[in-house]
Amino acid sequence: MHPPQSNRSVTGMASSIEDSAPPGRGSFSRSARSGQPAAVTHLLGGTMRSVRVLGAIGIVLALAPLVLHSDFQLTFVTLALYSTLLGAAWNILGGFGGQYSFGHAVFFGLGAYVAAMLQVHAGVPAWIGLVAGVAAGAAAGAALGAISFRYGLRGSYFALVTLAMAEVFRIVANSVPFTGAGVGMMIELRTGLADLQFESRRGYYYLALVLALVALAVGSWVRHSRFGAALAAVRDNEDAARALGIDATRVKVAATALSGTLMAAGGVFYLQYFHYIDPSLVFGPSVSVEALLGPIVGGLGTVLGPLIGAFALALVSQIATHLLGEAPALSMALYGLILIVMVTFLPRGIGGLGKLVRLRARRGRDA
Amino acid sequence: MLELTRLSKRFGGLAAVDSVSLVLEEGRIGALIGPNGAGKTTCFALISGFIRPDEGRVVFAGRDITGWPAHQVSREGLVRTFQIVQPFTGQSVLENIAVGAQRKRSRAAAIAFAAEVAARVGLGDQLDKPAESLPIAGRKRLELARALAAEPRLLLLDEVLAGLNPAEVAEVLPLIESIRAAGTTVLMIEHVMQAVMSLADDVWVLAHGSLIATGTPESVTRDPAVIEAYLGHGAAARLAGAT
Amino acid sequence: MNSNATTAPGPSTGMSGAPEETLLAVQDLCSGYGPVEVLREASLSVRRGEIIALLGSNGAGKSTFINTVCGLVQPRRGAIAWMGRDITGSASPEIVAAGLIQVPEGRRVFPNLSVLDNLILGSYRRGRGARTANLERVLETFPRLRERSRQSAGTLSGGEQQMLAIGRALMGEPVLLILDEPSLGLAPVIVEEMFGLIARLNQSGLSILLVEQNVAQSLELAHRAYVMENGAVVFSGNRTELLASDRLRRAYLGA
Amino acid sequence: MIDGALIGAALWPALVNGLTMGAIYALIALGLTLIYGVLHIINFAHGSLLMVALYAVLVLFERLGLDPYAALVVLVPGMFALGYALQRFVINPARHGRDENTLLVTLGLSIVIENLASHFFKTDTRQIETAYTFMMVDVAGATIAMPRLLACVGALVSCLVLAVLMRYTDLGRAIRAVAREAQGARVVGIDVEHVFAMSFAIGLACLGAAACFLLPAYYVSPQVGHGFVLVAFTVVVLGGMGSFTGSLVGGLLVGVIESLGGLLLGESLGQIGVFVVFIAILLLRPSGLFGHKA
Amino acid sequence: MSDPASPPLPALDTTSGRRRFLRASGALAASAGAAPGLLLAQPAPIKVGVLLPLTGAVAYPGQQSREGVMLALDDINGGGGIKSMGGARIEALVADAQSQPQVGAAEVDKLNEAGVCAIVGPYASAIAFATTQAAARHNIACVLDQAVADQITARGLKNVFRFGPSYEMAVRTGINNFHILNTVAGKPVKTVVVVHEESLFGTGTATTIARDLPALGYEVLEVIKHANPTRDFNNIALRIKARNPDVVMQANYLNEFALLLRTLRQQGVRPKAMYSIFGGGGSNPKVAKELGEAAEGVLDCNHWFNPKDKRGPALRARAEKKGLTFTHELLMGYNATMLLADAIERARSTRREAIVDALAASTWADHFMPYGPTRFVNGQNQGAQPIVTQIQKGDVRVVLPNTYAEAEPVFPSRVG
């Protein structure tokens with residue numbers, strides 16, 4: 001697999017966060033305040049724009065429960081945010097870093113299991129479980145990255161090794177006694193903020209919102225930071241990056257660790273929400289697939305891609321069910337079909353749509 | 001600034017670079033020339049840490065950097081460009097250059113500095129263009145700008161003029177001269193002899209992996225061995241006869 | 001590169017007996033990759049029986065020109081006529097079938113296939129009937145390939161790979177053979193052989209379009225030459241005219 | 001769990017079992033390695049397509065009374081045609097030169113196929129019983145069921161047929177050529193797009209053959225493919241992506257590793273052996289046992 | 001296949017990221033034709049959620065259960081609806097949990113919004129953990145069709161009711177029943193090998209068997225765990241052959257059960273008996289038919305109806321007439337629905353609290369299961385028990401306990 005090209009823009013809100021040039025100003029123009037070229041001010045302003053857009057999204061979503069009286073709608077958004085979290089985690093490595101993992105369940109499962117084992121075996125409070133689970137994800141990310149990238153794995157080889165790693169973890173979790181083996185683990189029902197379990201849907205909603213926003217913010221940081229620039233450089237051209245003094249292996253390992261950290265948070269959230277985990281549920285391939293589907297559909301390597309992708313997929317699923325609800329299998333097949341059609345006609349994900357439109361517009365003007 | 005001692009690299013029995021030794025003094029522009037396939041680019045890869053030499057030493061600014069990984073060589077201040085330009089596709093011109101600039105700077109400072117460098121190489125009005133949309137000349141400039149943004153002490157330029165038309169070449173020549181004037185030592189691989197003639201202080205001619213001539217541009221271009229290496233056996237005599 | 005053929009006989013300068021039929025006529029061809037336009041209105045023609053040298057510095061657009069003519073790169077503007085027929089935009093299998101075959105830069109032999117299989121694939125667009133005869137002829141021309149016919153192509157030396165690439169092209173019964181930098185990276189003695197071979201092929205009736213760095217030797221052979229700069233043809237003429245014009249020195253040595 | 005005498009006695013039969021199972025893996029992986037080796041795509045729909053073939057064999061058996069082995073005559077060309085159409089009209093148009101798109105499309109395909117299967121065939125497990133289901137053959141002390149032995153022979157023959165096809169036909173040569181040197185292939189006039197589609201088609205034809213040999217010894221359900229996908233990938237990586245000899249040897253090896261792993265570590269934990277080998281190969285010799293260096 | 005406490009290996013790809021809305025389903029049509037006279041005065045239908053895995057890894061048992069629910073609704077609505085509420089029909093809102101807990105939980109919220117008064121489902125324990133809790137927030141009664149994991153009813157949730165035996169109860173009964181079979185036959189069986197699948201259901205069963213059997217005088221020679229799926233059972237068969245146990249006890253899913261059975265026969269392994277607990281294979285008429293000889297004599301301790309009550313065989317006949325395989329999932333889906341209908345009848349209301357209270361106070365005895373009157377403690381029906389069936393002459397026959405037996409057990413049965 002080749003490194004993906006970064007999509008520098010996404011539709012709607014996203015374009016304001018990414019790279020749309022200020023309207024009415026050519027690239028020659030200098031911004032009045034700083035005397036710098038517009039492109040510079042624009043790029044420098046990326047962080048602020050991200051903060052603003054994410055802040056706006058955060059505020060809207062934080063206020064949403066006031067409008068969303070229906071529990072179902074609340075759950076729908078909660079699960080879409082949970083999906084966003086997984087997607088944003090994967091996007092750090094897969095989107096910004098160009099390394100496709102098919103085994104992000106490793107980190108997810110580790111986060112969930114570490115948190116569960118601490119709570120069940122050691123009676124540790126859930127918050128500490130969260131921290132420990134997330135730390136485990138970071139450590140696993142660093143280890144897996146170090147092993148894979150030290151050996152120079154890339155493309156499909158990296159994808160396959162992560163896939164196999166997840167299987168190994170699943171089998172081990174299935175076999176050793178302290179994970180409860182195939183029986184799985186169940187945490188005690190104990191609602192309260194201290195236990196990270198909530199009586200009402202809103203509690204989980206806000207937990208998911210905070211985690212998703214943090215993950216998106218990390219994505220935004222990566223997009224606009226030195227580290228992210230190095231990561232994107234390695235993705236786009238590893239040799240050129242090395243020639244400019246970037247330690248490609250270290251950058252990729254760090255990205256894997258960061259990605260693993262966020263993914264593990266997703267695992268802990270799953271545990272706190274559903275209280276029961278078993279090896280197939282948390283180390284199974286469907287977790288990995290859920291993590292990669294959103295960003296690819298939404299726009300790889302963009303800040304808002306995971307969010308757009310997660311919500312779009314959730315909607316597509318609803319539409320499919322709405323159309324063919326009588327036959328669940330058929331509606332699922334329709335979902336798959338829509339996925340294929342989307343890939344065929346939106347090759348760069350929904351995020352690529354904006355770029356395409358602008359390109360067409362520019363061409364139109366030229367003609 | 002740069003000293004190569006009996007540098008050698010073989011690929012499957014074939015000597016790509018065969019015992020090359022040279023010394024480039026600080027503040028000079030050196031040129032490595034020779035026909036296609038002579039081993040020039042391999043030589044660059046050996047110097048810049050992309051390939052480990054089989055034998056020989058690379059000493060840069062008094063420090064033995066033989067076998068160092070590429071990113072560390074670059075951090076020492078020895079930065080190369082690529083013959084086949086390697087832009088970070090999908091990123092804008094400004095972003096591309098900023099990657100070079102960010103080694104010693106914050107992201108914001110790197111971006112600001114990148115804009116300055118872009119202006120120096122004549123890309124000041126293309127900052128927000130996607131790198132892959134640049135024509136060849138633009139890409140070459142970008143390649144140069146990115147390396148310059150890393151503020152090298154020694155810059156290795158691999159055919160930075162190839163594919164440019166004479167007007168474009170004429171624009172880039174002063175640029176390279178100004179790089180040297182700003183204190184950067186330059187070693188270039190170049191086919192465009194016009195550039196070598198007007199820029200280089202020292203010229204090394206490589207053919208089939210070995211050095212066949214060393215000297216000033218004037219001396220090497222008159223060297224029959226060099227002409228033969230370039231234009232083929234007997235070319236020197238024929239050209240002389242024709243003109 | 002038969003060792004028997006060491007010295008290249010010079011071209012039949014007056015082109016005596018060569019019919020004036022135009023095989024290939026390229027008019028104002030433009031093409032490129034993505035946003036980059038490489039070819040800018042390049043024109044060229046080849047008559048039957050000719051050896052044409054296409055010269056120019058690195059990056060001048062020679063390979064792009066060839067690839068566009070052979071249908072590997074989509075032309076954007078301009079016209080390509082082959083034996084009087086318009087083939088602009090035709091797919092490469094069709095063009096190969098019509099007898100316009102190139103030996104690409106870097107040889108591009110199939111490293112995982114045996115020498116024999118490489119050659120057989122050369123006649124992919126030809127009937128099975130012709131294959132045996134073609135194969136016999138090519139192996140006759142390249143005894144080295146016969147010796148190594150069972151070996152995989154990846155294990156051959158550079159020179160042998162170049163022979164194989166030419167042999168493979170000959171298997172397709174070309175009318176016009178396009179050679180893209182055939183001497184690249186070869187030892188001088190092999191280069192000599194190479195030019196000898198090209199001359200012999202031409203004498204046997206094959207028309208040749210030769211892209212070469214080795215200007216002197218190319219010009220020895222060529223009936224006419226074109227010089228490209230920046231995607232356009234800036235000069236065309238015969239050897240004497242070219243050497244007189246100083247265009248070459250400018251193109252290669254810049255001085 | 002570990003008992004020396006028991007293991008000693010079971011070692012030979014376990015080895016034979018592993019080899020027969022491995023032959024089936026090899027056959028399934030053969031298609032995958034071809035598709036990977038030539039098109040460089042990871043085909044996530046491979047398992048689902050195997051499932052389609054298995055259902056086809058089942059339907060032919062139940063409705064028309066066609067013997068599974070006789071069904072080869074229908075399945076091989078049928079799956080071939082399906083493969084050609086899929087690559088030409090579904091996978092290729094969506095690719096846009098981006099590997100992640102291929103990934104999504106094959107993923108989408110597998111979702112579509114599996115759910116259509118569960119809709120039309122229901123979700124229960126189906127198996128067939130033939131006259132030879134319980135026929136046993138003695139191989140130097142190890143007893144093997146006839147369908148398994150036939151599957152093993154079938155896999156070997158299929159590998160051989162494919163090897164001959166690859167070695168001695170123009171198409172085979174073209175496929176091998178395109179796999180490594182697509183530009184060179186274009187130069188000699190090979191229609192590379194057509195070769196891509198043919199490779200996919202042959203890959204699926206292998207699945208068709210695999211299904212005919214597998215069903216009498218196994219079962220089919222809409223999810224039956226999942227159990228084989230990862231194993232098939234392991235075989236492909238072990239043998240070297242794109243290598244047919246590799247996929248045969250890799251399949252047999254994986255079968256043996258799995259069988260011995262099960263014998264020594266238990267059938268659940270024993271699965272880990274395969275993946276450990278998988279990871280080790282990826283790290284230490286990513287070109288596999290027979291693959292070319294990347 | 002009996003209740004998997006958790007679904008086996010989730011689909012590689014198919015089900016991720018999907019959220020599904022419910023749909024109203026066919027109960028309407030079923031009742032419409034039943035009593036045309038009542039149509040005019042028909043009160044508002046009573047909405048009941050049917051939440052089952054209809055796609056994904058455990059789609060088959062989920063769909064089977066749904067068929068049972070639908071048959072029950074036919075009976076209820078065809079029999080005049082809920083009489084205490086003026087003959088109100090029960091309308092099923094079917095939702096697909098896609099074999100995933102998170103989807104199941106989300107569906108609960110949707111069912112809540114659609115105004116269901118109770119939920120039947122969700123077959124698998126792993127999904128039930130999530131759905132019962134989600135339902136608890138809305139105080140919606142959850143009538144488990146299977147979901148046998150004990151922990152589900154041990155969390156103090158007031159809204160959860162399991163009509164059938166829990167997993168612990170079943171394993172205990174299973175072991176006792178086996179001991180009875182063996183004792184009556186003069187104790188021909190002394191040694192046991194246990195084969196089980198690797199998830200909650202198989203592992204838990206095997207652990208209990210291995211713990212409790214020695215106390216009854218059996219020697220457990222080996223406990224063999226296998227993955228889902230296991231593609232090749234030859235090694236396991238060889239191990240069993242080498243151990244030469246008197247009986248092979250199994251706790252696994254249908255696919256592996258059938259493969260093992262076939263392989264044992266191929267390898268000529270013939271233990272004196274094959275006995276599975278919640279194995280499902282031994283009580284599946286399709287397995288009995290498809291595997292023929294190989295399945296003959298297999299014993300299963302599982303959910304099954306009282307064959308002496310005519311309604312059981314009648315239900316089976318009806319299902320088979322519809323082209324369905326009659327399995328215990330279907331049976332338990334039917335029962336859960338009937339239990340709920342009884343509670344609604346007594347609650348005289350669709351108020352959720354009323355239904356929860358009615359269920360908790362349930363004394364339902366008018367069923368055709370081998371249970372006594374219903375009595376819930378912490379949501380578990382105390383009288384529930386599995387019974388032992390045996391495949392005899394290609395069909396499933398109840399052989400123990402004697403009260404319900406329709407045939408003499410063949411023990412030892414010489415399976416193989």
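**Chain contacts and sheets in a predicted model**

Me: How far apart do the closest C-alpha atoms of chain C and chain E lie?
Reply: No contact joins chain C and chain E. The structure is a predicted model, and in it the closest C-alpha atoms of these two chains lie apart by 34 Å.

Me: What distance separates the nearest C-alpha atoms of chain A and chain C?
Reply: Contact requires heavy atoms within 4.5 Å. Chain A and chain C do not touch. Between their nearest C-alpha atoms the distance is 12 Å.

Me: Which chains share the most contacts?
Reply: Six pairs of chains are in contact. In one of these interfaces, 42 residues of chain A meet 46 residues of chain E. Of the six pairs, the most contacts are shared by chains A and E.

Me: How much area do chain A and chain E bury between them?
Reply: Carbon and sulfur atoms carry 58% of the area buried by this pair. The total buried between chain A and chain E is about 4000 Å².

Me: Which residue of chain E meets the side chain of R170(A) in a salt bridge?
Reply: The interface of chain A and chain E holds two salt bridges. In one of them, an N to O distance of 3.5 Å links the side chain of R170(A) to that of E198(E).

Me: How many nonpolar residues has the side of chain A that touches chain E?
Reply: Ten residue pairs are in polar contact across the interface of chain A and chain E, both residues being at pLDDT 80 or more. Elements giving two or more residues to the chain A side include α4 (71-96), α7 (155-175) and α8 (201-224) of chain A. By class, that side has seven charged residues and 15 polar ones, and its nonpolar residues number 20.

Me: Why are R170(A) and E167(A) separated by about one helical turn?
Reply: Side chains of opposite charge can pair when their charged atoms come close. The side chains of R170(A) and E167(A) meet in a salt bridge at 3.1 Å, N to O. Their separation is about one helical turn because, in helix α7 of chain A, they are apart by three residues.

Me: How many residues does chain B bring to its contact with chain A?
Reply: About 3000 Å² is buried between chain B and chain A, 59% of it on carbon and sulfur atoms. On the chain B side, H71(B), F88(B) and R107(B) lose the most area, together 17% of what that side buries. Chain A brings 32 residues to the contact, and the number from chain B is 37.

Me: Which residue of chain B meets the side chain of R223(A) in a salt bridge?
Reply: The interface of chain B and chain A has one salt bridge. At 3.4 Å, N to O, it joins the side chain of R223(A) to that of E95(B).

Me: Which element gives the largest share of the side of chain B that touches chain A?
Reply: Ten residue pairs are in polar contact between chain B and chain A, both residues at pLDDT 80 or more. Elements giving two or more residues to the chain B side are α2 (70-76), β6 (78-80), α3 (93-101), α4 (107-121) and α5 (136-149) of chain B. The largest share is five residues, from α4(B).

Me: Why is one side of β8 and one side of β15 of chain E left without a neighbour in the sheet?
Reply: Chain E has an open sheet of seven strands with mixed pairing, in the order β8-β7-β9-β10-β11-β14-β15. β8 (219-226) and β15 (395-400) stand at its edges, so one side of each lacks a neighbour, each having a single partner strand.

Me: Which residue stands opposite H196(E)?
Reply: Strand β7 (residues 191-197) and strand β9 (residues 247-251) of chain E run parallel and are joined by five bridges. In β9(E), the residue opposite H196(E) is A251(E).

Me: Which are the edge strands of the six-stranded sheet of chain B?
Reply: This open sheet has mixed pairing and the order β6-β7-β8-β3-β9-β10. Two of its strands pair on one side only, and these edge strands are β6 and β10 (210-215) of chain B.

Me: What angle does the direction of helix α1 of chain B make with that of β8(B)?
Reply: In chain B, five bridges join the parallel strands β7 (residues 154-158) and β8 (residues 185-189). Helix α1 (residues 40-47) packs on the sheet, touching β3 (29-33), β6, β7, β8 and β9 (202-207) of chain B. The angle between its direction and that of β8(B) is about 145°.

Methods. Residues numbered from 1 in each chain as written. Chains lettered and ligands numbered in written order. Predicted model: local features only at pLDDT ≥ 70, side-chain atom pairs only at ≥ 80, totals over all residues. Heavy atoms only, no water. Buried area = accessible area lost by both parts, 1.4 Å probe. Salt bridge = Lys/Arg side-chain N within 4 Å of Asp/Glu carboxyl O. Polar contact = N/O pair within 3.5 Å; in protein donor to acceptor, adjacent residues only side chain to side chain. Helix = DSSP H or I, 4+ residues; strand = E, 2+ residues; numbered from the N terminus. Pairing = 2+ DSSP bridges. Nonpolar A, V, L, I, M, F, W, Y, C, P; charged D, E, K, R; others polar. Axes fitted to C-alpha atoms, helices over the stretch in contact; angles between N-to-C directions.
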